[in-house]
Amino acid sequence: MRLTQWTDYTLRVLMYCAATEGRVQPVTISEVAESYDISRSHLTKIVQELSAQGLLETTRGRGGGMRLMKPAAEINIGAVVRATETDFNLVECFDPAQNQCRLSSHCYLKGVLGQAMLAFLAVLDKVTLADLLAEPQNVVAMPQSRRRAAAQPVPGLPDAVD
């Protein structure tokens with residue numbers, strides 16, 4: 001699975017806004033564009049879409065910019081990817097209207113790739129925007145939002161490793 005540039009930039013904008021959440025001044029498109037060396041006009045379209053989806057609050061004019069509309073811990077990465085990706089057809093046979101493969105009736109590749117896609121999305125569904133700002137090794141082991149639900153250590157036993 002490869003994410004489109006649109007999704008990549010969408011995640012970058014959200015992460016940048018989350019990382020600067022406590023700041024007095026809102027984040028500007030120019031600031032994000034300069035930080036990531038991305039086209040300002042391309043980011044403008046992404047910010048408009050994120051605003052329409054209710055993820056960003058935008059303010060025009062002097063002193064304007066953008067902020068997250070809800071806490072980073074409430075923004076699910078799986079949902080963001082599903083909303084921004086337009087094509088989850090990894091191979092031709094995923095789309096019955098376009099399928100010309102002669103092996104489809106006795107090929108298991110479609111099922112295997114379908115399971116892989118579901119596993120990919122299942123991992124993203126367990127991660128919030130806030131988790132992406134944590135230490136990378138902990139995010140992979142167990143997202144911050146899931147650690148809260150983990151059992152407390154038992155006195156006398158070694159602490160569990162993530």
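This is a predicted model: local features need pLDDT of at least 70, side-chain atom pairs count only at pLDDT 80 or more; totals for chains, interfaces and linings use all residues.

Residues are numbered from 1 along each chain as its sequence is written, and side-chain values use heavy atoms, with hydrogens and water left out.

**The whole chain**

Colour by secondary structure, and the chain shows seven helices and two strands; helices (H or I, at least four residues) and strands (E, at least two) are DSSP runs, numbered from the N terminus. Along the sequence the pattern reads α-α-α-β-β-α-α-α-α. Of the 162 residues in the chain, buried residues make up 31%, where buried means under 20% relative accessible area, exposed over 50% and partly exposed in between (1.4 Å probe, protein chains only).

**Helices H1, H2 and H3**

Select H1 (5-19) together with H2 (residues 29-36). The axes of H1 and H2 come within 11 Å and cross at roughly 110 degrees; axes are lines fitted to C-alpha atoms, for helices over the stretch in contact, and angles run from 0 to 180 degrees between N-to-C directions. That makes H1 roughly perpendicular to H2, on a scale where angles under 35 degrees count as roughly parallel, over 145 as roughly antiparallel, 65 to 115 as roughly perpendicular and the rest as oblique. H1 passes H2 in a right-handed crossing; a crossing is left-handed if the near helix is turned anticlockwise from the far one by less than a right angle, and right-handed if clockwise.

Stay in the loop between H1 and H2 and pick Thr20, which is buried, with a relative accessible area of 18%. Its side chain reaches the backbone oxygen of Tyr16 at 3.0 Å, a polar contact being a pair of N or O atoms within 3.5 Å; within protein, one must be able to donate a hydrogen and the other to accept it, and residues adjacent in sequence count only if both atoms are side-chain atoms.

In the loop between H2 and H3, select Asp37, whose phi is near 55 degrees, a positive value in a residue other than glycine. Most residues other than glycine have a negative phi. Asp37 is exposed, with a relative accessible area of 72%.

**The hairpin**

Move on to S1 (residues 56-59) and S2 (residues 65-68), which pair in the antiparallel sense over four bridges; two strands pair if DSSP finds at least two bridges between them. Which residues of S2 are the bridge partners of Glu57 and Thr59? Glu57 is partnered by Arg67, and Thr59 by Gly65. Five residues lie between the strands of this hairpin, in which Gly61 takes a positive phi near 90 degrees.

**Helix H4**

Select H4 (residues 77-84) and show Ile77, Gly78, Val80, Val81 and Thr84, which are buried. They cover an arc of only 160 degrees around the axis, which puts them on the same side of H4; the arc is that of the directions from the helix axis to the C-beta atoms. At the start of H4, look for a side-chain oxygen of Asn76, which reaches to within 2.9 Å of the backbone nitrogen of Gly78.

In H5 (residues 109-125), pick Ala116, which is partly exposed, with a relative accessible area of 41%. Ala116 and Met1 are 115 residues apart in sequence and 9.0 Å apart in space, C-alpha to C-alpha.

End in the loop between H5 and H6 (136-141), where Thr128 lies. Is Thr128 buried or exposed? At 9% relative accessibility, Thr128 counts as buried. From C-alpha to C-alpha, Thr128 is 5.4 Å from Ile75 in space, although 53 residues separate the two in sequence.
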